[in-house]
Amino acid sequence: MIVEGGAQPLLQVRNLKKHFGVGSGLFHRPTAVVKAIDGISFDIQRGEVMGLVGESGSGKTTVGRSVLRLVEPTSGEVMFKGQNIGALDPKGLRAARRDMQIVFQDPDASLNPREKVRQVIGRALDIHTIGTRGEREGRIIDLLEKVGLSGDYIDRYPHEFSGGQRQRIGIARALAVEPSFIVADEPVSALDVSVQAQVINLMSDLQRDLGLTMLFIAHDLAVVEHISNRIIVMYLGKIMEIAPAKSLYGNPQHPYTKALMSAVPRPDPTHKHNRILLQGDIPSPINPPSGCVFRTRCPIATAECAQIVPDIIQVAPGHGSACLKNG
C-alpha cells in the first residue's frame with residue numbers, strides 16, 4: 001500500500017473487506033460467499049479527486065457504499081477526519097453523513113417520482129434542520145442555479161426533466177448540506193454520451209469552486225482522466241494499480257491497466273492502435289483465482305502467479321502496482 005505523506009488524509013481506508021453471503025442452506029445459512037471487496041487500503045487527501053475504475057463486477061460501487069456505511073463492511077477500518085466511521089452509533093453516523101454524501105448512478109431510480117424538486121433537495125435540509133422554511137427554499141433555488149438549472153423548476157416533478165437534468169438535481173441534492181466529501185458512483189454511465197462531458201465538467205467545476213474531496217467511480221478510464229488527481233484500478237475486489245493520473249496514463253505498469261488503456265478511443269486517426277484483448281470474462285467473486293486474481297486473463301502470467309498474492313509495490317513516486325513482474 002502507498003500512503004501519502006504530509007497532512008492527515010480526509011479519508012483513510014485500511015484492509016477493507018465486504019463479503020456477501022449467497023444461497024440458503026440449513027437454518028438459512030449462506031452456502032457461498034461473494035468477496036466483493038477483499039482487503040483494500042488507500043487514502044484520499046483533502047481537496048483531492050480519487051478516480052476508481054474497473055470492469056463491472058470489480059467491486060467499485062461496493063467500495064463507495066462501504067465507505068459511507070450504506071452497506072456494512074465485513075471488516076477493516078474507515079477513518080473520516082480522524083474518526084472511525086465503523087464505530088459510530090446511529091446518531092453519530094447521521095451527524096457524520098452531513099459531511100459525506102453520494103451521487104447515485106441512475107437518476108431515474110434515485111429520485112422519488114412522487115416528489116417535487118423542492119422535496120427531493122429539501123429533505124436533507126429538513127433531516128439536519130438546516131435553516132428556516134424560507135431560507136431552505138432560497139437555498140434550493142440557489143443549488144438549482146449552481147448546477148445549471150433554473151430556480152423556476154423547484155415545483156416540477158422528476159419525469160419533467162431529461163436524464164442529464166435529473167442527474168443535475170441529484171448533484172444538487174448531494175450538495176444541499178454542504179458536505180466536504182462526495183462519492184460519485186458512476187454518475188454519467190446512465191447518460192447519453194453527448195451529456196456525459198457536460199456533467200463531468202459541472203462536477204469538476206463544483207469540486208474546484210467548493211473545495212470538495214471526491215471519490216469518482218467509473219468503469220471507463222477515459223471518463224476519469226480529466227477530473228481525477230489520482231486513480232485506483234480495481235479488479236475482482238482488489239487494487240491492481242494506484243497512481244497519479246498523469247503517471248497512470250503516461251506509464252501504466254499493471255497488465256490489467258495496460259489492457260484497459262488500450263481500449264480507450266483516441267481521436268488521432270494517425271495513432272497506431274495496439275489493442276490488448278483479454279481472454280474470457282471476469283471470474284466469479286464466489287470462487288476467485290488463487291494467487292493473483294487477474295492471472296487467469298493475464299497475458300504474462302506464470303506458474304508463480306497462482307501461488308503468491310502480490311503486494312502493491314512502489315514503482316515510481318506515488319505509483320504502485322500489484323504485479324509480481326514489478327517486484
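Visitor: Which strands does helix α10 (residues 255-262) lie across, and at about what angle does α10 run to β9?

Guide: In this predicted model, where local features need pLDDT of at least 70, side-chain atom pairs count only at pLDDT 80 or more, and totals for chains, interfaces and linings use all residues, α10 lies across β9 and β10 and runs at about 105 degrees to β9. Residues are numbered from 1 along each chain as its sequence is written, and side-chain values use heavy atoms, with hydrogens and water left out. Helices (H or I, at least four residues) and strands (E, at least two) are DSSP runs numbered from the N terminus; contact means heavy atoms within 4.5 Å; axes are lines fitted to C-alpha atoms, for helices over the stretch in contact, with angles from 0 to 180 degrees between N-to-C directions.

Visitor: What is the strand order of the open sheet of 8 strands?

Guide: Strands of a sheet pair through backbone hydrogen bonds, either parallel or antiparallel. Here the order is β6-β7-β8-β3-β9-β10-β12-β11, with mixed pairing, where two strands pair if DSSP finds at least two bridges between them. The edge strands, each pairing on one side only, are β6 (100-103) and β11 (313-316). Strands β10 and β12 pair in the antiparallel sense over 2 bridges, and Ile242 has Gly320 of β12 as its bridge partner.

Visitor: How do helices α6 and α7 pack, and at what angle?

Guide: Two packed helices are described by the angle between their axes and the distance between the axes. Helix α6 (residues 163-175) packs against α7 (residues 193-210) at about 20 degrees, with axes 10 Å apart, which makes the two roughly parallel (under 35 degrees; over 145 is roughly antiparallel, 65 to 115 roughly perpendicular and the rest oblique).
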